[in-house]
Structure formats: C-alpha cells, structure tokens
Amino acid sequence: MRPVVFTGDIFRIQSRGGITRYFRETIARLSRPVEVLAGWHQSPALGTLSVPVREAALLPHRRGLTRPRALLNAAWDRGALRAAARRGAIVHPTYYRDPESLPRSGPLVATVWDMTHERFPGLFRRRFWHAADPARWKRALCARADRIVCISEATRRDLLAAADVPEEKIRVIHAGAPDWTGVAARPVPAVPLPFFLWVGDRHGYKNFLPAMEAWASSAAGRATGLLCVGGGPLSAEERTAAARCGALERVLQRPAGDEELRWAYEHASGLLYLSRSEGFGLPVLEAMSLGCPIVGSPAAALPEVVGALAILADPEDRDSMAAGIERCLEQGRTPDGAAALRARAALFTWDRCAREHERVYGELD
C-alpha cells in the first residue's frame, strides 16, 4: 500500500473554503499512510488534522505576502517531493500547479473542480497586479496524471468536451454533507427577517449582480433582505448596483463561522445559488442538510446534487430568477420540504468520499 502525499497548494491560497474543506474532510478519513506538505501556508484548519503535516510556518494572508510565500514554497517543495518520490508515494496536488514542479516518476492523482475558466475565458482576464491563475496548469496536470478525480458528472463532461483526456483515467467523487453535530447556532447580528441567503464568492460566473437585481425587482425582494455570508465586504460596484435597485439598506454582508452559518441556513427563506457555472456547490449541500430551500441554476452542477428538490431558474434571465425567488417565498419552509432536503443531503457523506479516494489510490498501488 503506497502512502499518499498531498501538496499544500490550496492551504497556501486560502485559509478556508470549499476546496480546503473537501481535502481536510477526506484526508482525515483515509486509512492508508498520509502526509500533507503544508510548507508556508495560511490555513489554521491544518492544525486540527490527525495526520502528519509538514509545515514551515502558518502565515496569515497579508498584502504583499503572496509572491514571497510562493517562492519560498517552490524551494521548500523540491526536497519534500523528491523524498516522496523515493518512498514510492502517490502524489496528489490539492490545487492546479505546474506538473514540471512534481516528480517525473511515480503515480500522480489530480483533482478537477470545474471547467469554468475554459467555458468563460472572458471572465478571467488577468490584471497586471494579480498573480497568474494556477488554473492555467489544468490541462498539463491532467495530461501528466495517472488518475483524475472530478467532483461531479457535470465537471467530467465539461473536461472531456474541453480537453483531450482519456476517459478511462477519470473518476467522479462527490463531496460530503457537513455534520452540524456540536455546532450551536448563533444569530448573525442585525439581520432583519425574512431574508434570502447568498454564501461565498460573488465574482464573475457566480452571477451575483444579475441575481441581486432579479431579487430586488421581484415582489419577494421588496419584502425581504439579502444576507451575503463570506466573500468579503460588498464592493463599490455591488453597493452602487444595490443603491440603483433601491435595495442598499437591505443587502448585508457578514463574515461568519460555522455557528452563524448554521443560523443563517436555518432561518433563511432560501439560498440563492444562481451561478452560470459550478463544479459542485458545497453551499447547496450545506443548505440541504439543514432543510433550507434553494433557488438554483440548471447551468451548474446543482441538479446533480439536489435532484428535483430545488427551484431552478435561468441565470441569464432576470425574469426567470425573479419568478424563482417569488415562488420560493410563496412556498415557504415546510416540514415535508425540509425533511426531503435533509434526506437527499444524507446521500452525500465524507466517509463515502474517502472510500472512493481509497479505491482510486488502490488502483495505483
């Protein structure tokens, strides 16, 4: 049985997030020997893992640190990855990276989260002050990998359509629903009831501005607030758009830990998840697990996750989104609807996710 060595890429990019959670939950459940090459990272969650984590230092995000951290990690990785190759380990990068930085021999597993960059290249134009997007290495990494994990059938189809990848290398492994046991709900301060909920990033393909405008123009929008959890403070563009819609005082952004997030899911009239593209959508699974209604997009992987239990709306059509939001408010949160959502969420478990990763690694032993 080969050990698995995970690179620290995603833990260096974000302190918390969907991909960070996916790997943290999976790694903790693997039965074979595991090591995480954290290096200089910014994820406190690594300290909770009960597996060996090789870290140089925890460096919280600060402006100007990204480039120096990357250079330090590139040098740190070389020796650690050479040692992994000598042990015959399976190397599994936690995000996209140049395959030339990985051992030239030995088994390699890559994970593809979505094909949004390939489907909407115009949304990812690089600004001169930004670091180059690691997704530029996606195709090369897939070509080098012995196995490719896609987090949904939708992502698998998009990958096959966009890249020359042998289908027999691909395995689909869904994420798991969260376990809220022991998480006591804590109210998000200053949130008027009723409200709709937006969780996570709001940029580009996430489609926040059109969705917010659809909400604000709907009868439901005039009677509710919109709580944005995470994703950073509202930008000047978002505030201007909300003011133009006459909704600036009803659009709130708040950071939230798991306690506040649980409260938000349990009290929202519905989760708005109207992305133009999505590889999976962990907030949808989180909402389902707490019985929160969902207004979602059929263009994302959402139908694969939620089945027929979401209200679907065209993310390119404001009237369609507004109608979906109004329907969600009219239907309300019912015991039967909440029970159906929870039952669907229970089909997605982190234990199953880990077992399916073990199966992939077993193919390379």
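Select helix H7 (residues 208-217) and helix H13 (residues 318-331): their axes come within 8 Å and cross at roughly 60°. This is a predicted model, numbered from 1 along each chain as its sequence is written; local features need pLDDT of at least 70, side-chain atom pairs count only at pLDDT 80 or more, and totals for chains, interfaces and linings use all residues. Side-chain values use heavy atoms, with hydrogens and water left out.

Helices (H or I, at least four residues) and strands (E, at least two) are DSSP runs, numbered from the N terminus. Axes are lines fitted to C-alpha atoms, for helices over the stretch in contact, and angles run from 0 to 180 degrees between N-to-C directions.

**Stop 1: H7 and H13**

H7 and H13 are therefore oblique to each other (under 35 degrees is roughly parallel, over 145 roughly antiparallel, 65 to 115 roughly perpendicular, the rest oblique). Now show the contact residues (heavy atoms within 4.5 Å). On H7, pick Pro-210, Ala-211, Glu-213, Ala-214, Trp-215 and Ser-217; on H13, pick Arg-318, Met-321, Ala-322 and Ile-325. The residues of this H7–H13 contact comprise 7 nonpolar, 1 polar and 2 charged. Here Ala, Val, Leu, Ile, Met, Phe, Trp, Tyr, Cys and Pro count as nonpolar, Asp, Glu, Lys and Arg as charged, and the others, Gly among them, as polar.

**Stop 2: H11 and H14**

Move to helix H11 (residues 282-289) and helix H14 (residues 335-345), whose axes lie 7 Å apart at an angle of about 125°. That makes H11 oblique to H14. Select Leu-285, Met-288 and Ser-289 in H11; they meet Leu-341, Arg-342, Arg-344 and Ala-345 in H14. The residues of the H11–H14 contact divide into 4 nonpolar, 1 polar and 2 charged.

**Stop 3: Thr-26**

Next, pick Thr-26 in helix H2 (residues 18-27). Is Thr-26 buried or exposed? At 1% relative accessibility, Thr-26 counts as buried (under 20% relative accessible area; exposed is over 50%, partly exposed in between; 1.4 Å probe, protein chains only). Its side chain reaches the backbone oxygen of Tyr-22 at 2.7 Å. Beyond four places in sequence, Thr-26 touches Trp-350, Cys-353, Ala-354 and His-357.

**Stop 4: His-92**

Finish at His-92, in strand E4 (residues 90-92). At 0% relative accessibility, His-92 counts as buried. Which side chains make polar contacts with the side chain of His-92? Thr-111 does, at 2.8 Å. Tyr-361 does too, at 2.8 Å. A polar contact is a pair of N or O atoms within 3.5 Å; within protein, one must be able to donate a hydrogen and the other to accept it, and residues adjacent in sequence count only if both atoms are side-chain atoms.
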